[in-house]
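User: I have a protein model open on my screen and would like to learn how to read it. Could you walk me through a few features?

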Amino acid sequence: MAQESSHRAQTGVHRVVVIVDENSNPFELGCATEVFGLRRPEIGRDLYDFRLCSPEPRTAMRDGFFTLTGVAGLEAADTADTLIVPNRPDVEVPRRPAVLDAVRRAHARGARLIGFCSGAFTLAEAGVLDGRRATAHWQWADDFRRRFPAVRLASDVLFVDDGDILTAAGSAAALDLGLHVVRRDHGAEIANSVSRRLVFAAHRDGGQRQFVERPLPDLPDESLAPVLAWAQGRLDAPLTVADLAGRAAVSPATLHRRFRAQLGTTPLMWLTGERLALACRLIERGESRFEVVARRSGLGTAANLRSLMRRETGITPSAYRRRFGPGTG
């Protein structure tokens with residue numbers, strides 16, 4: 001690995017670099033800054049070293065809202081452990097060759113690549129998505145498939161984690177993906193801390209289907225917040241869908257419809273996800289007895305905990321403890 005190719009190897013802090021190009025969207029830039037760029041005194045250490053770079057000394061943001069100056073040149077992309085590529089609304093306009101070359105170099109040396117919203121077009125233009133899974137905003141899905149048929153596009157999810165390349169479907173999904181990356185890098189407890197500061201859900205189930213244009217219902221759905229809060233306080237209990245429906249004073253069928261409409265998932269999938277998140281937090285806080293973790297999180301047995309963690313996180317509880325347990329920060 002070239003000397004400049006891994007900032008983390010030199011400093012121990014993971015460097016996130018965002019390429020800002022002409023007509024980039026300010027919102028996604030703000031999301032990246034909020035998640036990766038702010039100091040975290042409540043955590044007690046810096047999670048990332050964050051930098052912006054641009055191919056030009058002055059970069060006009062989308063629709064000329066403002067001009068960005070004073071950031072590093074494009075060479076800073078060569079020091080990134082994670083490189084966030086440019087996005088912009090004019091997806092038909094080719095990206096600068098220098099930007100695409102920077103993306104290719106980063107990919108070749110093993111850096112993680114992230115595309116928010118139309119950033120998937122940048123990654124596809126660079127040729128790094130061929131044969132890979134990715135997502136993009138549902139409005140551009142047909143255009144994306146036409147232009148990049150070698151990419152396996154998932155158009156009904158909030159984000160896709162394909163290992164070293166991650167893509168978010170839309171502007172707000174940049175926060176979902178950003179928090180997912182924090183959770184992957186630093187564990188559920190720290191991701192929850194970042195999400196609390198953002199006042200944003202640490203994990204939002206569902207996909208783009210819930211956001212695609214459709215007729216509004218005659219009456220708004222009842223909020224699920226009370227029954228969700230009730231269930232979150234009783235995850236160690238043997239809760240069933242019938243229990244949740246009873247608490248919400250609706251039939252199980254009605255509860256399923258509300259979960260699908262508001263969260264894009266089923267009550268059982270939501271409950272399992274909450275229990276798994278609690279199990280991760282218990283491991284991070286030092287509980288080493290996996291049968292206790294399974295019981296306190298409502299997952300029942302250590303075998304069930306191992307199966308779910310491997311399925312959902314890709315690693316075993318033991319590997320999760322080695323990575324995120326006490327003393328690993």
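Analyst: Happy to; we will start with the whole chain and then turn to single residues. This is a predicted model, in which local features need pLDDT of at least 70 and side-chain atom pairs count only at pLDDT 80 or more, while totals for chains, interfaces and linings use all residues. Residues are numbered from 1 along each chain as its sequence is written, and side-chain values use heavy atoms, with hydrogens and water left out.

User: How many helices and strands does the protein chain have?

Analyst: Helices (H or I, at least four residues) and strands (E, at least two) are DSSP runs, numbered from the N terminus. Here the protein chain has 14 helices and eleven strands.

User: What percentage of the residues is buried?

Analyst: Buried means under 20% relative accessible area, exposed means over 50%, and partly exposed is in between (1.4 Å probe, protein chains only). Of the 329 residues in the protein chain, 49% are buried.

User: What share of the contacts joins residues 24 or more positions apart?

Analyst: A contact means heavy atoms within 4.5 Å. Among contacts in the protein chain with a separation of 6 or more, 62% join residues 24 or more positions apart.

User: Which residues does Glu-28 contact, and where is Glu-28 found?

Analyst: Glu-28 is found in helix α2 (residues 26-37). Leaving aside neighbours within four places in sequence, Glu-28 touches Asn-87, Phe-116, Cys-117, Ser-171 and Ala-174. For charges, Lys and Arg count as positive and Asp and Glu as negative; His and the chain ends are not counted. A salt bridge is a side-chain nitrogen of Lys or Arg within 4 Å of a carboxyl oxygen of Asp or Glu. Glu-28 is buried yet has no salt bridge, and the nearest side chain of opposite charge, Arg-62, is 6.5 Å away.

User: How many salt bridges does a search of the whole structure find?

Analyst: The search finds 19 salt bridges. In one of them, the side chains of Glu-92 and Arg-147 meet at 3.9 Å, N to O. Glu-92 lies in the loop between β6 (82-84) and α3 (97-108) and Arg-147 in helix α5 (residues 141-147), so the pair ties together parts 55 residues apart in sequence. Arg-147 also forms a salt bridge with Asp-143, with the closest N and O atoms 3.8 Å apart. Asp-143 and Arg-147 are four residues apart in helix α5, so about one helical turn separates them. Asp-143 is buried at 14% relative accessibility, whereas Arg-147 is partly exposed at 24%.

User: How can I check the length of a helix?

Analyst: The expected span is 1.5 Å times one less than its number of residues. Helix α11 (residues 267-284) has 18 residues and should span 26 Å, which agrees with its end C-alpha atoms being 26 Å apart. Buried residues in α11 include Pro-267, Trp-270 and Leu-271. After α11 comes Gly-286, with a positive phi near 115 degrees.
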